[in-house]
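Colleague: I have a few minutes before class. Can you put the model up and take some questions about it?
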Amino acid sequence: MRKKIIVTGGCGYIGSHTVIELIENGYDVLVFDNLSNSTEVSLDRIEQITGTRPAFVQLDLSDAKETNILFKLHQDAHAVIHFAAHKAVGESVLDPLKYYQNNLYALINTLSAQRENGINKFIFSSSATVYGDPDHLPVTEESELKRASSPYGNSKKIGEEILEDLTKSDLNFSAISLRYFNPIGAHASGFIGEIPSGIPNNLMPYITQTAAGVREQLLVYGNDYPTPDGTAIRDYIHVVDLAQAHVVALKRLLEQKQESPLEVFNLGTAKGYSVLEVIHSFESVTQVQLNYKLTDRRAGDIASLYAATERTEKQLGWKAQKGIDEMMRSSWEWEQYYRSQQ
Ligand code: WQD
């Protein structure tokens with residue numbers, strides 16, 4: 001019997017890549033998504049890639065009543081992977097209540113509906129942003145969580161605290177929180193990838209849109225950081241690697257015999273790249289020259305952040321496989337495919 005997994009936010013960037021990996025690993029997937037920042041086209045593309053269309057319900061998880069009804073209908077599900085959330089850092093600073101309301105209500109409603117209906121396994125999309133500006137690098141899961149630099153980041157931190165409290169109070173409920181570093185790249189088919197709404201804030205979509213001529217010039221924020229070339233360093237991770245890590249985490253949860261407290265794992269590569277290194281890697285892989293300019297630092301950015309991955313490797317038994325070139329190649333293939341469809 002195939003195990004049924006509910007994926008909230010399954011039409012979004014990381015969610016849709018994870019749905020593909022779940023289907024390819026023999027799971028029966030049900031997607032809940034309110035389509036606030038995605039479309040059902042993702043489901044067409046998932047079907048095109050895997051030959052299977054996941055079941056789908058348009059559902060807003062911030063509606064507690066509806067959420068409960070839907071979970072009751074799908075009590076046979078074995079676990080939930082929860083991606084549904086707002087994720088624009090800048091917007092969260094301008095409109096914090098929107099972020100706390102959406103991200104926390106959706107989380108609480110999902111958890112409550114799960115417990116009411118006996119679905120006791122949960123995987124949470126967390127973020128490296130919970131580390132704030134750390135004192136030491138690389139950051140381990142034990143590193144102190146500094147004040148989050150945005151309401152978005154804080155909503156992830158509070159989310160983890162909710163899960164910690166819940167798994168302590170209910171020993172039948174188990175959860176894993178995955179702290180993503182900087183997910184980039186796209187599926188090898190070139191059919192799905194990230195679609196930023198409006199002007200991208202993140203580096204990778206800005207690079208590909210500049211290369212595609214959609215943006216005039218890429219601004220490199222800050223060249224006076226205490227790093228070898230003066231530009232900021234991040235741990236970029238291929239979204240397909242990230243998606244596969246969810247399948248590994250899911251198997252761990254499903255196989256767990258005894259109760260365990262909330263488990264937290266970093267999902268990164270342990271390698272940091274500077275903004276200039278990313279740009280040069282993109283140029284050499286794609287043979288496209290980028291129009292870029294060095295400018296002032298962006299408010300709220302930190303100099304360097306990259307993951308310690310020992311715990312993830314030893315306890316979860318997973319390690320990222322894809323390197324920066326593959327991240328660049330797939331991001332560019334996706335951008336070109338996406339533009340050709342417009
Ligand atoms: C990377 C580097 C920029 C754009 C954010 C969130 C985090 C996570 C991922 C989730 C930085 C520089 C960027 C540009 C640039 N979130 N940059 N020019 O800030 O590490 O993390 O996204 O959903 O929570 O905080 O990622 O891609 O924005 O920036 O020079 O046009 O690229 O200053 O050094 P960041 P990013």
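Colleague: Which residues do ring pairs link into a cluster?
Modeller: Phe-191, Trp-334, Tyr-337 and Tyr-338 are linked that way. Keep in mind that this is a predicted model.

Colleague: How many aromatic pairs are there in the whole structure?
Modeller: A search turns up 7 aromatic pairs. Planes under 30 degrees apart count as stacked.

Colleague: Are Phe-122 and Phe-124 buried or exposed?
Modeller: Both Phe-122 and Phe-124 are buried.

Colleague: What sits over the ring of Tyr-225?
Modeller: The charged end of Arg-297 does, 4.1 Å from the centre of the ring.

Colleague: New topic, the backbone. Where is the cis peptide bond with omega of about -10 degrees?
Modeller: That bond joins Leu-137 and Pro-138. Pro-138 is in the loop between β5 (121-127) and α6 (151-169).

Colleague: What about phi, then? What is the value for Leu-35?
Modeller: Leu-35 has a positive phi of about 60 degrees, although it is not a glycine. Leu-35 is in the loop between β2 (28-33) and α2. Gln-287 also has a positive phi of about 60 degrees and is not a glycine.

Colleague: And where is Gln-287?
Modeller: Gln-287 is in the loop between α9 (275-286) and β13 (292-295). Its relative accessible area is 64%, so Gln-287 counts as exposed.

Colleague: Back to α2. What does the side chain of Thr-50 reach?
Modeller: The side chain of Thr-50 reaches the backbone oxygen of Thr-52, at 3.0 Å. Thr-50 itself belongs to helix α2 (residues 41-50).

Colleague: Which residues is Thr-50 in contact with, leaving aside neighbours within four places in sequence?
Modeller: Those are Ile-20, Ile-23 and Glu-24.

Colleague: Last one, helix α8. What span should its 17 residues have?
Modeller: Helix α8 (residues 239-255) should span 24 Å at 1.5 Å a residue. The sum uses one less than the number of residues. The end C-alpha atoms of α8 are 25 Å apart, which agrees.

Colleague: Which residues of α8 are buried?
Modeller: The buried ones include Val-239, Leu-242, Ala-243, His-246, Ala-249, Leu-250 and Leu-253.

Key:
Residues numbered from 1 in each chain as written. Predicted model: local features only at pLDDT ≥ 70, side-chain atom pairs only at ≥ 80, totals over all residues. Heavy atoms only, no water. Helix = DSSP H or I, 4+ residues; strand = E, 2+ residues; numbered from the N terminus. Polar contact = N/O pair within 3.5 Å; in protein donor to acceptor, adjacent residues only side chain to side chain. Contact = heavy atoms within 4.5 Å. Phe/Tyr/Trp six-rings, centres within 6.5 Å; stacked < 30°, edge-to-face > 60°. Buried < 20%, exposed > 50% of the residue type's maximum accessible area, 1.4 Å probe, protein only. Lys NZ or Arg CZ within 6 Å of the ring centre and 35° of its normal.
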